[in-house]
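Here are my notes on the model, as numbered points. Please read them with the structure open.

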Amino acid sequence: MAAELHVELVAADRSVWSGEATLVVARTTSGDIGVMPGHQPLLGVLESGPVTIRTSDGETVIAAVHGGFISFADNKLSLLAEIAELSDEIDVQRAERALERAKSDADASAERRADVRLRAVATR
């Protein structure tokens with residue numbers, strides 16, 4: 001059995017995903033970071049972007065994460081997000097409409113959220 005780490009992806013309003021993984025890749029204010037079992041303890045600020053989780057059974061879980069924190073210690077990784085959605089929960093047409101609306105309204109924050117959702121879907 002490969003080494004594993006326990007992952008909890010939590011949004012402000014719900015638990016999004018929990019399970020065992022061999023690798024998690026997330027975007028922080030310091031850049032992209034990959035966390036594997038045995039990684040040095042860390043605490044960081046999450047940037048908006050897709051988070052990739054390689055599960056212990058070989059599956060890949062992608063989530064669109066919009067801000068928050070990442071913490072790792074004792075092979076336990078916590079992703080505490082302001083907003084998080086699994087890629088298979090994202091309605092692509094709705095996200096595309098939101099992106100167009102945000103561009104026409106010059107709403108940079110809404111445009112960034114829609115863009116992250118579409119990137120998460122494209123990654124899966």
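**Notes on the model**

1. D13 lies in the loop between β1 (5-11) and β2. Helices and strands here are DSSP runs numbered from the N terminus, helices being H or I of at least four residues and strands E of at least two. D13 counts as exposed, at 66% relative accessibility. The cut-offs are under 20% relative accessible area for buried, over 50% for exposed and in between for partly exposed, with a 1.4 Å probe and protein chains only. From D13 to S109, 96 residues apart along the chain, the C-alpha separation is 20 Å.

2. A word on the basis. This is a predicted model, in which local features need pLDDT of at least 70 and side-chain atom pairs count only at pLDDT 80 or more, while totals for chains, interfaces and linings use all residues. Residues are numbered from 1 along each chain as its sequence is written, and side-chain values use heavy atoms, with hydrogens and water left out.

3. L23 sits in strand β2 (residues 14-28). With a relative accessible area of 24%, L23 is partly exposed. Setting aside neighbours within four places in sequence, L23 is in contact (heavy atoms within 4.5 Å) with G34, V35, M36, T52, I53 and R54. The C-alpha atoms of L23 and E4 are separated by 8.2 Å, and these residues are 19 apart along the chain.

4. P41 belongs to the loop between β3 (31-35) and β4 (42-46). P41 is exposed, its relative accessible area being 60%. P41 and K76 are 35 residues apart along the chain, and their C-alpha atoms are separated by 9.5 Å.

5. Two backbone angles deserve a look. Most residues other than glycine have a negative phi. N75 is not a glycine, yet has a positive phi of about 60 degrees. N75 is found in the loop between β6 (60-73) and β7 (76-86), and at 30% relative accessibility counts as partly exposed. A106 is not a glycine either, and has a positive phi of about 55 degrees. A106 is in the loop between α1 and α2. At 68% relative accessibility, A106 counts as exposed.

6. How do the axes of helix α1 and helix α2 cross? The axes of α1 (residues 92-105) and α2 (residues 108-123) come within 8 Å and cross at roughly 150 degrees. That makes α1 roughly antiparallel to α2 (over 145 degrees, by the cut-off used). Axes are lines fitted to C-alpha atoms over the stretch in contact, with angles from 0 to 180 degrees between N-to-C directions. The crossing is left-handed: the near helix is turned anticlockwise from the far one by less than a right angle.

7. Which residues meet between α1 and α2? In α1 they are V92, A95, E96, A98, L99, A102 and K103; in α2, A110, E111, A114, D115, R117, L118 and V121. By class, this contact has nine nonpolar, no polar and five charged residues.

8. α2 has 16 residues and spans 22 Å from its first C-alpha to its last, close to the 22 Å expected at 1.5 Å a residue. The expected span is 1.5 Å times one less than the number of residues. Buried in α2 are A110, A114, V116, R117, L118, A120 and V121. The buried residues of α2 pack against β5 (49-55), β6, β7 and α1.

Definitions and conventions
Angles under 35 degrees count as roughly parallel, over 145 as roughly antiparallel, 65 to 115 as roughly perpendicular and the rest as oblique. Ala, Val, Leu, Ile, Met, Phe, Trp, Tyr, Cys and Pro count as nonpolar, Asp, Glu, Lys and Arg as charged, and the others, Gly among them, as polar.
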